Amino acid sequence: MLTYILIGIVSIIGILILISCNNKPKKETTDKTQQTGRTAEQNPYGDMRKMALTVSPEQLGFLIPEDSIKVYGIITDLDMNGGTATVVTYLTGDASIYLSSGGGFIGAGQHESVKKVTKEFVDNGHLISFKGKQYENTDLPTNGNANFYFLSNSKNTKITESIVKMESGESEFSKLFVDLNNVMTEIRLKSGQ
């Protein structure tokens with residue numbers, strides 16, 4: 001199990017390094033561009049992340065009965081030492097990874113293996129979502145933390161936890177992190193084909 005976690009983390013770090021090496025030199029940014037993560041080249045990361053966090057169940061094609069509570073998406077931000085990887089997962093099986101550097105993998109849920117692990121991740125995350133707290137802002141994580149945003153038809157909740165603590169199994173959210181790594185590994189494998 002630890003092997004899968006390490007493969008996932010190494011994959012994300014490798015992707016971030018590859019993308020940062022291939023990026024053109026950035027132009028000077030203003031205070032506003034530093035806050036939004038945009039450069040003069042108009043990095044789409046901020047807009048894509050915002051869209052992922054605000055999608056409704058109806059937009060995904062879900063009709064959730066009013067008398068039930070259902071998590072239909074988990075958006076996970078991972079602090080990667082100066083950059084952020086955002087893993088977008090929905091109960092439909094749709095999955096993507098957005099990198100704050102501007103790269104990523106979009107539409108990986110078209111592959112059956114990705115769709116399967118993504119649905120399981122979101123479905124299993126439903127019970128954990130009740131341990132989260134309602135949030136007003138969607139700040140990016142810092143200091144080696146991960147933010148899990150649970151989107152539901154009732155109330156949206158957030159859990160922030162140390163990546164190192166989850167990797168070592170010392171967190172009550174370690175299983176959630178292992179499941180997330182399974183999703184990221186499948187996305188990486190299918191994106192390399």
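By residue class, the lining of the second largest pocket comprises 9 nonpolar, 5 polar and 1 charged residues. The structure described here is a predicted model. In total, 15 residues line the second largest pocket, and those nearest its centre are V88, Y90, D94, S96 and Y98. Two or more lining residues are contributed by each of helix 3 (45–54), helix 4 (57–60), strand 2 (84–90) and strand 3 (95–99). The space within the second largest pocket amounts to about 230 Å³.

The buried residues of helix 5 are V114, V117, T118, F121, V122, G125, H126, I128 and S129. The cover over these buried residues includes strand 1 (71–79), strand 2, strand 3, strand 6 (145–152), strand 7 (157–162) and helix 7 (174–191).

Across the whole structure, a search for aromatic pairs returns 1 pair. This pair is formed by Y135 and Y149 in an edge-to-face arrangement, with 4.9 Å from centre to centre and 75 degrees between the planes. The two residues belong to distant parts of the chain, 14 residues apart: Y135 lies in the loop between strand 5 (133–134) and strand 6, whereas Y149 lies in strand 6. Y149 has a relative accessible area of 0% and is classed as buried because this value is under 20%.

Two further residues were examined individually. With a relative accessible area of 9%, S174 is buried, since the value falls under the 20% cut-off. When neighbours within four places in sequence are set aside, S174 is in contact with K165, M166 and G169.

T142 is situated in the loop between strand 5 and strand 6, the loop that also holds Y135. The relative accessible area of T142 is 47%, and T142 is therefore partly exposed, as the value lies between 20% and 50%. Although T142 and N81 are separated by 61 residues in sequence, their C-alpha atoms are 8.1 Å apart in space.

Key
Residues are numbered from 1 along each chain as its sequence is written. This is a predicted model: local features need pLDDT of at least 70, side-chain atom pairs count only at pLDDT 80 or more; totals for chains, interfaces and linings use all residues. Side-chain values use heavy atoms; hydrogens and water are left out. On a 1 Å grid over the protein atoms alone, a cavity is a set of points where a 1.4 Å probe fits but cannot get out, and a pocket is an open set with protein on both sides within 12 Å along at least five of seven lines; lining residues have an atom within 4 Å of a point. Grid points are joined across faces, edges and corners, and a volume is the space filled by probe spheres set on the points. Helices (H or I, at least four residues) and strands (E, at least two) are DSSP runs, numbered from the N terminus. Ala, Val, Leu, Ile, Met, Phe, Trp, Tyr, Cys and Pro count as nonpolar, Asp, Glu, Lys and Arg as charged, and the others, Gly among them, as polar. Buried means under 20% relative accessible area, exposed over 50%, partly exposed in between (1.4 Å probe, protein chains only). Contact means heavy atoms within 4.5 Å. Rings of Phe, Tyr and Trp (its six-membered ring) pair if their centres lie within 6.5 Å; planes under 30 degrees apart count as stacked, over 60 as edge-to-face and the rest as tilted.
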